[in-house]
Amino acid sequence: MYRFVTVNFCIMLCLFVGCGPSNKIAKDFDYGKIEGRVYKNDFFNFEITAPEGWHVEGAEKIAELADEGLDAYGNNKKDMEKLKETAKMTTANLWMCSKYDMNDIPDGEYNPCVIIVAEKLPASAKSLTAEKYLGISKTQTQKIVPAAMFKPITKETISGKEFAVQKNSQPIPNVPGFEIQQESRACIINNHVLLIGINYIEDAERPELQKILDTVKFH
């Protein structure tokens, strides 16, 4: 029922709105490949595995859901369209894994998911850290969703790589009493930000998502 991605993750897909040649995703960028339940990416040198029965999607579906999220939360249509266009140039939608098929979500369910994207950093952001990146994301998100609540940024090691972690909750538009819980993990690799996000509503859904995160392997 609830398909859209939270606006915070959409904002992170296009933080550097002043898009120039230095932060456009290369035409020959490695979007990785899916082999059965395993997604592999040689550019970032990692892999992740989906659970049996879960549904895997690629770039096109992630972009579609990001657009839905911005449309649902954004009040300024012109600004939202600008964010959408920027995201197409500066970000790479890599992989998504959800409990249900996005076109067949049981009535009343949100559909917990893991989403992985990457953003090319501009030349001017060479000194940017993952923590600062997430801090910018928080500021930008709260301009669009003032009710979004953020916890302090922490650090977490995943398969030997240090990630900055930001957790937040956001109300679901037009669904009183429900909030989306989101955790965003960011790591800067090869002048790109690798973002791993998980989205859920009920605390009982999180352990399944953690098991997916535990399959991440950097080589």
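Q: Is S137 buried or exposed?
A: S137 counts as buried, because its relative accessibility is 0%. Buried here means under 20% relative accessible area, exposed means over 50%, and partly exposed is in between, with a 1.4 Å probe and protein chains only.

Q: Where does S137 lie?
A: In helix α4, residues 130-144. Helices are DSSP runs of H or I with at least four residues, strands are runs of E with at least two, and both are numbered from the N terminus.

Q: What separates the C-alpha atoms of S137 and Q166?
A: 9.7 Å, for two residues 29 apart along the chain.

Q: What sort of model is this?
A: It's a predicted model, where local features need pLDDT of at least 70, side-chain atom pairs count only at pLDDT 80 or more, and totals for chains, interfaces and linings use all residues. Residues are numbered from 1 along each chain as its sequence is written, and side-chain values use heavy atoms, with hydrogens and water left out.

Q: What pLDDT does the protein average?
A: The average is 82, and 77% of the residues score at least 70. Over residues 16-21 the pLDDT is below 50, though that stretch has 16 contacts in the model beyond near neighbours in sequence. pLDDT is the predictor's confidence in each residue, from 0 to 100, and contact means heavy atoms within 4.5 Å. Where pLDDT is low, the predicted coordinates should not be read in detail.

Q: New topic: which residues touch the most other members of the largest nonpolar core?
A: F46, L94, W95 and L194, out of 28 residues. Such a core is a set of buried Ala, Val, Leu, Ile, Met, Phe, Trp, Tyr and Cys residues joined through side-chain atoms within 4.5 Å. Elements that each supply at least two residues include β3 (46-49), β5 (91-98) and α5 (206-213). Another core, of 17 residues, lies apart from it, with M96 and L134 among them.

Q: And what does F46 touch?
A: Leaving out residues up to four places away in sequence, its contacts include Y39, I116, L194 and F218.

Q: How do β8 and β9 pair?
A: In the antiparallel sense, over 5 bridges; two strands pair if DSSP finds at least two bridges between them. T157 stands opposite E162 in β9.

Q: What's up with S159 in that hairpin?
A: The hairpin has 2 residues between the strands, and S159 takes a positive phi near 50 degrees although it is not a glycine. S159 counts as partly exposed because its relative accessibility is 38%.

Q: Where is N190 found?
A: In the loop between β10 (179-189) and β11 (192-200). N190 has a positive phi of about 50 degrees, again without being a glycine, and at 46% relative accessibility N190 counts as partly exposed.
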